[in-house]
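Visitor: I have a structure to look at. Could you take me through some of the terms used for it?

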Amino acid sequence: MRKVVVAPFIFMVRIYQNGISPYLPATCRYAPTCSQYTVEALQKHGLIKGGWLAIKRIFSCHPWGGSGYDPVP
């Protein structure tokens, strides 16, 4: 059931990764990138917890935020 619920959100991230991201400069300060982190978090933790982890990660990806290797917990 979890896969069915998160599939549309992963699909939207994949559209961003393949259709929008290649045309933007690489600005993510983390590895894996924020979009890949989002996909992994959704797959591993589901929509609620994975979505929350993704939102926290995206909001911390700025010049005064963190950087470096940050895997999905």
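Visitor: Which residues make the nonpolar surface patch?
Guide: This is a predicted model. Its nonpolar surface patch is made by Met1, Val5, Phe9, Met12, Leu47 and Ile48. The patch covers about 640 Å².

Visitor: What makes this patch nonpolar?
Guide: A nonpolar patch joins side chains of Val, Leu, Ile, Met, Phe, Trp or Tyr within 5 Å. Met1, Val5, Phe9, Met12, Leu47 and Ile48 make up this one, so each member is of a listed type.

Visitor: Which elements give two or more residues to the nonpolar patch?
Guide: They are α1 and α2. The largest share, three residues, comes from α1. Met1 is found in the segment before α1.

Visitor: Why is Met1 called exposed?
Guide: Exposed means over 50% relative accessible area. Met1 has 80% relative accessibility, so Met1 counts as exposed.

Visitor: How do you know where empty space is left?
Guide: Roll a probe the size of a water molecule over the atoms, and the empty space shows. Here the largest pocket has a volume of about 470 Å³.

Visitor: What lines the largest pocket?
Guide: The lining has 20 residues. Tyr16, Ser21, Thr33, Cys34 and Ser35 lie nearest the centre of the pocket. α1 (2-20) and α2 (34-60) each supply at least two lining residues. The largest share, eight residues, comes from α2.

Methods
Residues numbered from 1 in each chain as written. Predicted model: local features only at pLDDT ≥ 70, side-chain atom pairs only at ≥ 80, totals over all residues. Heavy atoms only, no water. 1 Å grid on protein atoms, 1.4 Å probe; cavity = no way out; pocket = protein on both sides within 12 Å on 5 of 7 lines; lining within 4 Å. Points joined across faces, edges and corners; volume = space filled by probe spheres on them. Helix = DSSP H or I, 4+ residues; strand = E, 2+ residues; numbered from the N terminus. Patch = residues over 30% accessible without salt bridge, like charges linked within 9 Å, V, L, I, M, F, W, Y side chains within 5 Å. Areas by Shrake-Rupley, 256 points an atom, 1.4 Å probe, with all protein chains shown as cover. Salt bridge = Lys/Arg side-chain N within 4 Å of Asp/Glu carboxyl O. Buried < 20%, exposed > 50% of the residue type's maximum accessible area, 1.4 Å probe, protein only.
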